[in-house]
Amino acid sequence: MPDFTPDLKAMQADLHALARIESPSTDPAAIARVMDVVEGWARDLGADTHALGGGTRLFNFGVDSAGAGGSAHGQTTPGLQVHRRPVLVLTHADTVWPHGTLEHMPLREDGVRLYGPGTYDMKAGIVGLFHALRSLRGEWPQGGVQVLLSPDEETGSLSSRAHIENAARCARVALVVEPPVADTHALKTGRKGTGSYLLTFTGVASHAGNKPEEGASAVTAAAQATLDLQALARPDLGTTVSVGLIRGGSAVNVIPAHATLEIDLRVSTLAEADRVDGAVQAWTPSDPRVTVQVTGGLNRPPFEQSEGTLALYAQAREIARDLGFDLTHAVVGGGSDGNFTAPIVPTLDGLGAPGDGAHAQHEHVRLDRWPDHVRLLARLLREI
Ligand SMILES: [Zn+2]
């Protein structure tokens, strides 16, 4: 098959079209507008398209659904022989940016950079994927390609998680078109698991001057918990624990009866998640008049680097070498929907567009590096 030269101008135009539609995770109608555009591209390529519950969409390209018990939802079955299973590609249509962001952070091009909210994470990933799919000209890999478009990745994939896991159970491999690592453009072969906790403290209010001994301070308990729980971090094992939010009290002259704190947790292994969870659940205030209620836990399990993932990466690196560029890989702290598929099926992440500034003012795509990564993705889809 002749090598494919991505049409950068057309990719830029498609990226402008998607990024012009602001799609914060909190607005399902806005996210559906982005999905409608992408679904149009999928239909043009002959996909079967499916709307799953909760706003997730699934597009099947040449997927063998023979004997598929779950075909009502566009799913193949876990029982299918491996070579008849599709390559699953994960994408998301939501961004972290609220409506109105384009007014102060407009889409703009400056040399080799295309700036704008949601470009790098991950609308350019979606655009590059569709240009790669188009280059296959209907010659899908064995088992076909299944593209899952999630509406809520940035808020933890609460509505799409079950669909993602179902699709992974039926897939041969999972590819994630989240962006590669900034600067190095490395693919992602592992990610930390992510979790969060909300602790609510209830004490006893009292006059801070007249009867302080009758009060039981929820703020003191929250402060003690902050120190104790952050001490659970084991950076050497990849475990970080950070109290990012703390609130409490009602007035400066009142012993505070109420406080809350929120904890961000990152772990490299499930064993570490269990250790921290046990300690958080067991923590008790030293003043028995203060009670604490704990909610939360691990949201995304760790995406532990597996042999299957490294084999996929090795294949990608060979292709990149053949295409004339160097590729590296890395394990990163942030989670993605790849964390849900990695425990089920070999998963390779970071196959989106190179750039920098995810969730930041300088979010941008590197136009000079983007075509190489689209060529890489096209070859992977063809040869995997
Ligand atoms: Zn993303």
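Reader: What makes Thr 309, Leu 312, Tyr 313, Ala 316, Ile 319 and Ala 320 count as buried in H8?

Author: The model is predicted. Buried requires 20 or more other C-beta atoms within 10 Å of a residue's own. These residues of H8 are buried, so each meets that cut-off.

Reader: Why do the buried residues of H8 line one face of the helix?

Author: Look down the axis of H8: its buried residues fall within an arc of 120°, so they line one face. In general, an α-helix has 3.6 residues a turn, so residues three or four places apart point the same way.

Reader: Which exposed residues sit on the face of H8 turned away from its buried side?

Author: Glu 307, Ala 314, Arg 321 and Asp 322.

Reader: What do the buried residues of H8 pack against?

Author: Strands E7 (173-176), E8 (187-191), E15 (329-332) and E16 (347-348), plus helix H10 (370-383). Contact here means C-beta atoms within 7 Å.

Reader: What makes E1 and E2 a pair?

Author: Pairing needs at least two bridges. E1 (residues 48-51) and E2 (residues 57-61) are joined by 4 and run antiparallel, so they pair. His 50 stands opposite Leu 58 in E2. In their hairpin, 5 residues lie between the strands, and Gly 54 takes a positive phi near 80°.

How values were computed
Residues are numbered from 1 along each chain as its sequence is written. This is a predicted model: local features need pLDDT of at least 70, side-chain atom pairs count only at pLDDT 80 or more; totals for chains, interfaces and linings use all residues. A residue is buried if 20 or more other C-beta atoms lie within 10 Å of its own, exposed if 12 or fewer, and partly exposed in between; C-beta atoms are placed from the backbone. Helices (H or I, at least four residues) and strands (E, at least two) are DSSP runs, numbered from the N terminus. The arc is that of the directions from the helix axis to the C-beta atoms. Two residues are in contact if their C-beta atoms, placed from the backbone, lie within 7 Å.
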